[in-house]
Amino acid sequence: MAYRLCSSSASSLFHDPPSFSLSSRKPKLRNSPSSLTPQSKTILQSNHVSLQQPIPQQQSEIDANFDNPVAKSTPKSPGAKQFGKKSYNARYTSLAKLSNSLDSCDPNIDDVSRIFESLGDNLIGKDAVIIINNMENSVVVPFVLRYIQSKIRAVTEMILYNVTLKVFRKCRDFDGAEKVFDEMVNRGVKPNNVTFSTIISCATSCNLPNKAVEWFEKMPSFGIKPNVVTFCTLIKMYDVAGNYDACLNVYEEMKALGVKPNLFVYNTLLEAMGRAKRPRQAKIIYKELISNGLIANRATYASLIHAYGIARFCEDALVVYKEMKEKGMNLNTRLYNILLAMCADVGLLEQAFEIFEDMKGCDTCCPNSRTFSSLITIYSRIGKVAEAEKLMSEMNESGIEPNIFVLTSLAQCYGKAKRIDDVVKTFNQLLDMGIEPHNHFCVCLLNVMTQTPKEELGKITNCVAKANPKLGSVVRYLVKGPEGDGEFKVDAIELFGSITNGARRAFCNSLIDICINLDLLDKACVLLDLGLTLEIYTDLQSRSQTQWSLHLKGLSAGSALTAFHVWINDLSKSFESGEDLPPLLGINTGHGKHRYSEKGLAGVIESHLMELNAPFRESPNKAGWFLTTQAAVSSWIKSRDLSKLVVA
């Protein structure tokens with residue numbers, strides 16, 4: 001029976017381009033992708049799986065037969081052991097030099113024979129394995145193999161073929177590897193697990209995922225049960241492709257076939273789940289690791305910190321950090337920076353500076369510009385300018401030049417303190433250093449605008465125009481207020497078309513926030529409409545027979561208030577047209593609380609609902625939800641003039 005590998009992927013919903021009403025957006029199903037989509041194949045073509053990772057225990061045991069074939073037991077005398085070691089090293093060095101000569105020779109049997117003449121008649125099987133194992137030329141190695149086969153028979157041919165296949169893997173010559181395998185079988189040499197593991201990893205390094213799976217599925221026809229290394233190679237292949245469901249499928253297939261995962265497999269899976277931003281799955285895998293009696297090593301903890309830190313699972317990340325310290329395991333700069341960025345993002349001030357002090361006392365790493373950027377970000381969020389400037393001085397004294405991330409955080413800090421001239425000074429410093437402002441810095445300038453007094457808005461507007469002329473054009477419409485939504489909309493469309501998908505939501509959120517601050521609800525609605533049309537915002541509402549809901553999670557305060565305003569207008573139109581409203585209506589803000597703010601998005605919406613005397617009440621059973629009934633909202637719609645949006 002062939003082994004079958006496939007990946008499941010949950011179908012996702014997206015909407016048709018809407019009219020301005022939120023309720024007009026109807027969902028449709030995307031096609032479920034296959035195990036490896038064309039996109040993931042493209043990813044594989046631009047990346048390759050590293051073959052330098054440590055070899056798992058099982059692989060070490062298998063490769064011991066040919067990776068160190070001349071190792072012999074020596075007499076117990078210390079002198080004899082030392083003599084044997086020197087003799088072995090000299091012999092190995094000589095054979096490795098011969099391998100280099102073979103790599104450089106012409107691919108024909110005569111040139112290969114001439115190089116082997118230096119060995120005389122002393123060629124033995126173990127020497128042959130060392131020679132091939134050290135080669136790096138897949139064009140010459142078939143002639144070397146043929147020569148060796150004509151001279152000796154003492155060594156198992158299967159080992160010779162396996163080390164030959166490793167040369168093809170080094171050279172990423174998959175076609176050649178397949179030809180060697182065919183020759184191997186035609187000579188009646190039975191392949192083993194190492195044979196298939198080498199070919200599969202060769203396919204992976206050659207960006208041929210379908211071939212890797214094909215060779216995996218061939219194994220049963222040769223009576224071979226895959227070992228741990230084979231499965232681990234496939235997991236890494238799918239990890240590189242970004243096909244994380246397939247990583248988990250390989251893991252489940254492995255367990256179903258009775259192959260027990262080792263620590264290397266678990267660590268590989270944890271790395272993949274970190275990149276996939278699936279911290280809950282990482283937690284499940286870690287529990288299975290422990291329940292199987294394995295002991296986590298530094299690589300395990302590092303993968304967990306990455307998975308938890310990137311996903312902002314703060315409590316879990318800090319537990320892992322403390323456990324590493326208790327076990328005497330040192331963190332590197334990257335891990336410290338992941339923890340500091342997490343603390344900066346959620347406002348863990350005390351923990352961040354404890355980690356920073358620990359980092360400064362560590363012998364294995366030292367703070368870099370990203371470290372200081374995270375710390376300055378913490379101070380910028382709470383407006384502590386003096387402390388941020390002190391950190392800048394410490395950074396300069398350490399010989400670290402501020403980069404764009406540091407200057408972005410500093411500009412944000414000055415903006416929070418309403419020190420607009422210092423924001424401009426920081427922007428000019430960026431230009432003087434020859435650094436082009438990136439999207440994140442532009443969003444920072446937009447955020448500063450929401451905190452800038454009207455009389456000073458021109459200073460930041462000029463910076464925005466220099467940083468991104470298209471963005472500057474849109475901002476000028478908001479600040480100077482030329483008439484005509486048509487041109488504003490055209491310029492906004494051109495702007496969103498010029499920036500990456502990952503940055504478009506941040507730009508749109510910030511621009512809408514500026515609109516709400518300047519009491520430009522009409523412009524905010526134009527931007528929200530564009531956001532829906534361009535699918536910058538998706539799934540803002542859902543409807544069933546029993547409940548209509550507005551989903552605001554991931555929106556800024558201004559965007560959330562604008563979406564709420566449009567949604568209420570939709571409800572009013574439905575009510576006035578005689579359409580039956582459902583028994584229950586809800587607003588979902590998400591339950592996350594931002595530690596830099598006394599009230600997160602839920603608090604902003606709650607304040608606004610109270611100001612409008614809207615009948616929505618926070619649900620005691622569903623965090624982040626505000627619910628009301630059909631009767632209550634109908635009565636409210638009748639009694640209220642909802643033509644204006646009052647910002648809390």
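Val 228, Phe 231, Leu 234, Ile 235, Tyr 238 and Asp 239 of helix α11 meet Tyr 244, Ala 246, Cys 247, Val 250, Glu 253 and Met 254 of helix α12, where contact means heavy atoms within 4.5 Å. Sorted by class, this contact of α11 with α12 holds 10 nonpolar, no polar and 2 charged residues; Ala, Val, Leu, Ile, Met, Phe, Trp, Tyr, Cys and Pro count as nonpolar, Asp, Glu, Lys and Arg as charged, and the others, Gly among them, as polar. The model is predicted, with local features requiring pLDDT of at least 70 and side-chain atom pairs counting only at pLDDT 80 or more, while totals for chains, interfaces and linings use all residues. Residues are numbered from 1 along each chain as its sequence is written, and side-chain values use heavy atoms, with hydrogens and water left out.

The secondary structure of the protein comes to 31 helices and 7 strands. Helices (H or I, at least four residues) and strands (E, at least two) are DSSP runs, numbered from the N terminus. Of the 648 residues, 51% count as buried; buried means under 20% relative accessible area, exposed over 50%, and partly exposed in between (1.4 Å probe, protein chains only). Among contacts between residues at least 6 apart in sequence, 68% join residues at least 24 apart.

Two packed helices are described by the angle between their axes and the distance between the axes. Axes are lines fitted to C-alpha atoms, for helices over the stretch in contact, and angles run from 0 to 180 degrees between N-to-C directions. Helix α11 (residues 228-241) packs with α12 at an angle of about 165 degrees, the axes being 7 Å apart. The two helices α11 and α12 are therefore roughly antiparallel to each other; angles under 35 degrees count as roughly parallel, over 145 as roughly antiparallel, 65 to 115 as roughly perpendicular and the rest as oblique. The crossing of α11 and α12 is right-handed. A crossing is left-handed if the near helix is turned anticlockwise from the far one by less than a right angle, and right-handed if clockwise.

Helix α12 (residues 244-256) also packs with helix α13 (residues 263-275), their axes coming within 10 Å and crossing at roughly 155 degrees. That angle makes α12 roughly antiparallel to α13. The crossing of α12 and α13 is left-handed. On the α12 side the contact is made by Tyr 244, Cys 247, Leu 248, Tyr 251 and Met 254, and on the α13 side by Val 265, Tyr 266, Leu 269, Ala 272, Met 273 and Arg 275. The classes in the contact of α12 with α13 are 10 nonpolar, no polar and 1 charged residues.

An open sheet is formed by 5 strands in the order β3-β4-β5-β7-β6, with mixed pairing. Two strands pair if DSSP finds at least two bridges between them. The edge strands, each pairing on one side only, are β3 (541-543) and β6 (617-618). Strand β5 (residues 584-588) pairs with strand β7 (residues 625-629) in the antiparallel sense over 5 bridges. Leu 584 stands opposite Thr 629 in β7, and the bridge partner of Leu 585 in β7 is Thr 628. Strands β6 and β7 pair in the antiparallel sense over 2 bridges, with Arg 617 opposite Leu 627 of β7. These two strands, β6 and β7, form a hairpin with 6 residues between them, and Gly 624 in the turn has a positive phi of about 85 degrees. In β7, 4 of the 5 residues are buried, so the strand is largely enclosed by the rest of the structure.

Glu 394 is found in helix α20 (residues 385-397) and is partly exposed, with a relative accessible area of 24%. Leaving aside residues up to four places away in sequence, Glu 394 touches Phe 356, Lys 360 and Phe 372. The C-alpha atoms of Glu 394 and Phe 372, 22 residues apart along the chain, are separated by 9.1 Å. Asn 108 lies in the loop between α3 (78-104) and α4 (109-116) and counts as partly exposed at 27% relative accessibility. Asn 108 and Pro 142 are 34 residues apart in sequence and 9.3 Å apart in space, C-alpha to C-alpha.
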